Amino acid sequence: MITGGAGFIGSHLTDKLLSFGHEVVCMDNFDNFYCKTIKVHNMDKAITNKKFHLLERDICDKKQLDHCFRSFPIDIVIHLAAKAGVRPSIADPHGYYLTNVLGTLNLLEAMKIHGVTKMIFASSSSVYGNNPNVPFSETDFVDNPISPYASSKKAAELLCHTYHHLYAFDIFCLRFFTVYGPRQRPDLAIHKFTEMILSDQPIPVFGDGSSSRDYTYIDDIVDGLVKAADRVKGYEIINLGESRTVSLNRMIETIENEIGKKAKKVEYPMQPGDVVTTFADISKAKLLLDYSPYWNFEDGIKKFIEWKTS
């Protein structure tokens, strides 16, 4: 079962697992955070596969969850469903906690009732906040989140540990670092900036452009997810990133160079909840998962823009 399986990461993972011959139950509530049509198109390839099952369900509804687990013999849950984004979580902290924390609790309870004991949980680099230690290690102190989104992900990690301790669940919590590539959510910077540059709209630049992110190409994230699902045992927190940083200015320049068009920039102050940098220490992922990210940023942007303009 993949929760949030019709989204950006979930749909790529679904396609990969189906290509290996696995049976996949995709559970998604098609949240109106962005247009449902986009998620429906994400499923274009999967929907033709007889081993694919698409269920429009919500993890916040315990009866719907119970029905899903009764209907299929689930071996492992890959839990990607969440309300995403730092800035929107400041406007709607209740909604974020309802889905990201209570929804995760509902899912863990359903697993307990139905005897499913393996989970991969999608966490986030946001839990590190403005961590002074770089690169970010899984052993770093992360009790100072700076957005409701970040704190909801940390809370869900703690719930996962509780169920590992009480019921011997095998759970890997994977902290994703700024995932991009074809099908990326339209609200994220790379996607949004590309659209705005192509349509001659000015792009908003928050801060002086020196803030940086560890951008991770979708194929590398999917590779890490598949390896985690194959190897999950005990409880672990594992970073999945490229272990390279790209500044906001360089990100914009890379898009400009690939499109062949200059951006019109409008500068704004840094936004509340935004972190200055993210940078993954991936030594644990290499050790436990044999994780070895392949994509460099320029090639990843090229593939994204090819998809966007096709």
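In which sense, left-handed or right-handed, does helix H5 pass helix H6? In this predicted model, the crossing of H5 past H6 is right-handed. The axes of the two helices come within 9 Å and cross at roughly 15°; since angles under 35 degrees count as roughly parallel, H5 is therefore described as roughly parallel to H6. On the side of H5, the contact is made by Pro93, Tyr96, Tyr97, Asn100, Val101, Thr104, Leu105, Leu108, Glu109 and Lys112, and these residues meet Pro148, Tyr149, Ser151, Ser152, Ala155, Ala156, Leu159, Cys160, Tyr163 and Tyr167 of H6.

Within the contact of H3 with H5, five residues are nonpolar, two are polar and three are charged.

A further helix pair is formed by H7, residues 189-198, and H9, residues 248-259, which pack at an angle of about 45° with their axes 10 Å apart. The two helices are therefore oblique to each other, and H7 passes H9 in a right-handed crossing. The residues of H7 in this contact are Ala189, Ile190, Phe193, Thr194, Ile197 and Leu198, and those of H9 are Leu248, Met251, Ile252, Ile255, Glu256 and Ile259. By class, the contact of H7 with H9 holds ten nonpolar residues, one polar residue and one charged residue.

Aromatic rings were considered next. A pair of aromatic rings is described by the distance of the centres and the angle of the planes. Over the whole structure, a search finds 15 aromatic pairs, one of which is formed by Tyr180 and Tyr215, with the ring centres 6.2 Å apart and 85° between the planes, an edge-to-face arrangement. This pair links distant parts of the chain, given that Tyr180 belongs to strand S7 whereas Tyr215 lies in the loop between strand S9 (212-213) and strand S10 (216-217), and the two are 35 residues apart. Tyr180 has a relative accessibility of 1% and counts as buried, and Tyr215, with a relative accessibility of 9%, counts as buried. An edge-to-face pair is also formed by Tyr294 and Trp295, because the centres of their rings are 5.9 Å apart and their planes stand at 85°. With regard to accessibility, Tyr294 counts as exposed at 67%, whereas Trp295 is buried, its relative accessible area being 16%.

Several features of the backbone are found in loops. Between Val134 and Pro135 the peptide bond is cis, with omega at about -5°, and Pro135 is placed in the loop between strand S5 (118-124) and helix H6 (148-167). Thr178, although a residue other than glycine, has a positive phi, near 30°. Its place is in the loop between strand S6 (170-176) and strand S7 (179-180), and, with a relative accessible area of 25%, Thr178 is partly exposed. A positive phi is likewise found at Asp290, a residue other than glycine, where the value is near 55°. Asp290 lies in the loop between helix H10 (283-289) and helix H11 (297-309), and at 46% relative accessibility this residue counts as partly exposed.

Methods:
Residues numbered from 1 in each chain as written. Predicted model: local features only at pLDDT ≥ 70, side-chain atom pairs only at ≥ 80, totals over all residues. Heavy atoms only, no water. Axes fitted to C-alpha atoms, helices over the stretch in contact; angles between N-to-C directions. Helix = DSSP H or I, 4+ residues; strand = E, 2+ residues; numbered from the N terminus. Parallel < 35°, antiparallel > 145°, perpendicular 65-115°, else oblique. Left-handed = near helix turned anticlockwise from the far one by under 90°. Contact = heavy atoms within 4.5 Å. Nonpolar A, V, L, I, M, F, W, Y, C, P; charged D, E, K, R; others polar. Buried < 20%, exposed > 50% of the residue type's maximum accessible area, 1.4 Å probe, protein only. Phe/Tyr/Trp six-rings, centres within 6.5 Å; stacked < 30°, edge-to-face > 60°.
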